[in-house]
Amino acid sequence: MGGATLTGGNPSSPEVTLDNLLQSPQGRDLLTCIQCGLCAGTCPYGDVMAYPPRRIIAMLRAGMLEGVFKSESLLACVACYSCMAKCPRNIQLTEVLLPLVKEQVFLNLAELPAELHKALDNTLRYGNPMAESPRKRAAWIKTLDFPIRVLAEDPRPVDVLWFVECQNSYHPRGQDVSRATAKLFHALGIDFAILGNEEKCAGECARLLGEKGLFDTLTDYNMAVFSKYHFNRIVTSGTHAYDAFTHRYPAAGFRYQVEHTTPFFAAYLEQLKPRLNRTLHYAVTYHDSCCLGRHNGFYEQPRLLLQAIPGVKLLEMPHNRISAICCGGGGGGMWLDTYYKAKGYERLSERRVKEAVTTGADVIAVSCPYEISRFEDALKVLGHEKKMIVRDVTELLSEAMEV
Amino acid sequence: MNILVVLRMVPDVVEELEIAPDGKSLNLEFARMVLSESDDHALEQALLIKERDGGTVTALALEAPEVDEVLFAALAKGADRALKITGPKEGVTTREAAHIIAGVISSEPGLKGADLVLTGTQAINDLDGLMAPLLAQELGLPFLGIVTGLVPNFSARVALATKEYPRGVRGEFEVALPATFGIQAAEKPPRYVPVAKVRAVMKSRKIDCVSLTETVEPGFSLLQVLEMTKPQPSGHAEILEGSADQTAGALCTILAERGLL
């Protein structure tokens with residue numbers, strides 16, 4: 001079955017391949033599946049997949065996985081971790097079976113959807129999926145009224161290495177989030193620095209899509225860059241980067257302490273509170289990112305931050321925390337909107353903002369860099385752009401600090 | 001049934017382009033090089049023909065920064081051989097490149113006698129699309145450019161080539177083989193090659209190298225670049241302010257003034 005391998009978060013565990021999967025502890029867990037179908041039922045695209053998770057396990061047991069490899073079905077997997085989170089047998093589907101199968105699906109695809117093809121080519125060549133110049137990755141820092149230290153120019157040891165990630169380095173709205181984040185670091189007196197133009201995509205989406213070679217290439221690159229500098233911890237704005245560093249990079253020797261900006265700032269809540277002087281008269285609903293929420297359990301930290309802002313009223317969507325509906329951007333979904341549309345699938349970002357609007361909130365708050373552009377686009381498509389705006393939690397905090 | 005694909009590395013316009021201190025050329029030290037898009041289509045067309053009709057595909061390129069990655073990717077996609085011509089000076093012109101490449105094709109074992117010589121119909125540094133016709137001239141082969149479909153019949157020694165014209169008109173041409181074609185677009189978009197496959201090819205395959213011994217005489221290119229400058233802004237956009245009615249009215253006035261309404 002090819003050379004597909006999985007080296008999960010535990011570097012001491014033996015390499016699991018499709019060939020030895022059923023002999024491994026993780027594979028034996030798969031045999032405990034009771035075929036209840038909760039995974040397929042909770043999957044946001046379970047209704048359109050020829051092979052939802054339950055059926056993939058059934059195909060594995062029947063020795064018929066080849067059929068799954070030849071199907072495009074798993075291109076509809078947006079790596080939202082719902083199937084794993086809801087499994088009554090606690091089968092680690094998204095950690096074990098799905099990545100191995102997706103890798104084979106990816107290798108067997110007759111033709112890669114054009115948008116995705118370009119994003120992967122760009123990520124390999126430029127270190128970001130949007131074909132922006134790697135020499136301009138840190139260009140946004142010139143728009144701030146205080147300097148940001150770039151380690152290549154000033155390699156002294158630093159407390160926080162801030163891994164900005166692609167979307168927040170290049171996308172205009174992502175840059176807004178970066179400016180807000182920098183202001184928060186600055187206000188808290190955090191000793192921080194960035195990699196600047198040396199930084200490249202962490203590669204998590206490539207791995208979850210099945211493009212393991214690209215993920216390995218980016219992992220090797222970023223690990224080599226990290227090893228050049230001395231820092232106490234990595235703080236990243238990317239929920240997907242956080243996920244990659246926490247769960248995937250350890251197999252490549254990653255041993256650094258890593259935090260995502262939202263829980264990182266929540267830990268500084270008491271220092272932040274006296275600075276949140278401006279009353280924001282917003283009704284806010286928080287969208288739980290799949291990586292930060294379901295996969296890593298950070299449900300309360302963003303809510304604590306939002307509730308600390310004077311004037312903010314927090315409203316919950318019916319699908320919140322473990323049941324949150326994915327924005328559709330994970331696992332390569334960010335570059336499959338055209339493909340999904342052509343297949344007649346509903347865009348998940350539209351499904352999500354429809355629900356957000358029903359809460360009556362005027363702000364949908366997010367923590368993941370993908371969600372800003374996805375939700376802003378969805379609001380425009382649905383004609384709701386006057387009813388609701390999208391803000392990262394750090395943007396709202398920064399706004400509340402402005403006097 | 002040998003197919004030869006000439007691949008060209010061109011400046012990557014994702015990066016800023018800088019003028020060299022001589023004021024007549026690009027600063028190639030600053031530029032990054034990337035495979036010319038229509039050459040990628042030429043390679044894809046060659047691979048499609050190989051998959052349909054058999055034969056071998058050889059990818060050929062002049063030495064340039066990042067060309068090894070491109071040649072290994074060509075091998076990973078299905079090319080049988082990758083060949084790099086080492087030794088030409090930086091920034092050769094299209095005519096010089098065609099002369100060098102034709103010289104290698106004529107002398108290198110396994111290249112002479114290729115049934116199809118394909119390259120992109122244009123490149124960003126060859127907007128006139130001269131590479132394919134110059135190669136054809138040097139090799140003494142027929143040439144057809146701006147081709148969007150190519151179906152060879154190797155046993156009959158002919159190929160049916162499709163060209164597209166304005167207003168949806170298509171032309172089909174029967175061309176005697178061997179021949180040279182400038183490919184505008186392959187029948188399918190160039191394929192994606194997984195990075196792991198390219199990495200494996202880098203370990204298991206090699207790029208053949210041919211050293212260039214002959215030099216191209218100065219003045220061979222006939223054309224001389226006098227000056228190269230970045231575009232200068234010559235005008236400014238006018239932003240219409242006001243309500244939809246006001247801006248629509250102002251826009252109509254402007255269009256009427258310019259004779260467009």
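Angles under 35 degrees count as roughly parallel, over 145 as roughly antiparallel, 65 to 115 as roughly perpendicular and the rest as oblique. What you're looking at is a predicted model, where local features need pLDDT of at least 70, side-chain atom pairs count only at pLDDT 80 or more, and totals for chains, interfaces and linings use all residues. Residues are numbered from 1 along each chain as its sequence is written, while chains are lettered from A and ligands numbered from 1 in the order in which they are written.

**Domains of chain A**

- Domain 2 of chain A puts 33 residues into the contact and domain 3 of chain A puts in 32, with two residues in contact if their C-beta atoms, placed from the backbone, lie within 7 Å.
- On the domain 2 side, several helices of chain A supply at least two residues each, among them α7 (114–126), α9 and α12 (239–248). (Helices are DSSP runs of H or I, at least four residues, and strands are runs of E, at least two, numbered from the N terminus.)
- The largest share of that side, nine residues, comes from α9(A).
- By class, the domain 2 side that touches domain 3 of chain A holds 14 nonpolar, 13 polar and six charged residues. (Ala, Val, Leu, Ile, Met, Phe, Trp, Tyr, Cys and Pro count as nonpolar, Asp, Glu, Lys and Arg as charged, and the others, Gly among them, as polar.)

**A sheet in chain A**

- Four strands of chain A make an open sheet in the order β8-β7-β9-β10, with parallel pairing; two strands pair if DSSP finds at least two bridges between them.
- At the edges sit β8 (313–315) and β10 (389–392) of chain A, each pairing on one side only.
- From one strand to the next, the twist averages 35°.
- Strand β7 (residues 283–286) of chain A pairs with β8(A) in the parallel sense over three bridges, and A:T285 stands opposite A:L315 in β8(A).
- α19(A) lies across β9 (363–366) and β10 of chain A, at about 85° to β10(A). (Axes are lines fitted to C-alpha atoms, for helices over the stretch in contact, and angles run from 0 to 180 degrees between N-to-C directions.)

**Helix pairs in chain A**

- Helix α9 (residues 172–187) and helix α19 (residues 393–401) of chain A have axes that come within 8 Å and cross at roughly 55°, which makes α9(A) oblique to α19(A).
- Helix α17 (residues 348–358) and helix α18 (residues 369–381) of chain A come within 9 Å, axis to axis, and cross at roughly 75°, so α17(A) and α18(A) are roughly perpendicular to each other.
- Here A:S349, A:E350 and A:V353 of α17(A) meet residues of α18(A) including A:R374 and A:F375.

**Chain B**

- Helix α2 (residues 67–77) and helix α5 (residues 195–204) of chain B cross at roughly 105°, their axes coming within 9 Å.
- Among the residues making this contact are B:F72 of α2(B) and B:V201 of α5(B).
- The residues of that contact divide into seven nonpolar, no polar and one charged.
- Where the chains touch, eight residues come from chain B and 16 from chain A; the chain B side has six nonpolar, no polar and two charged residues.
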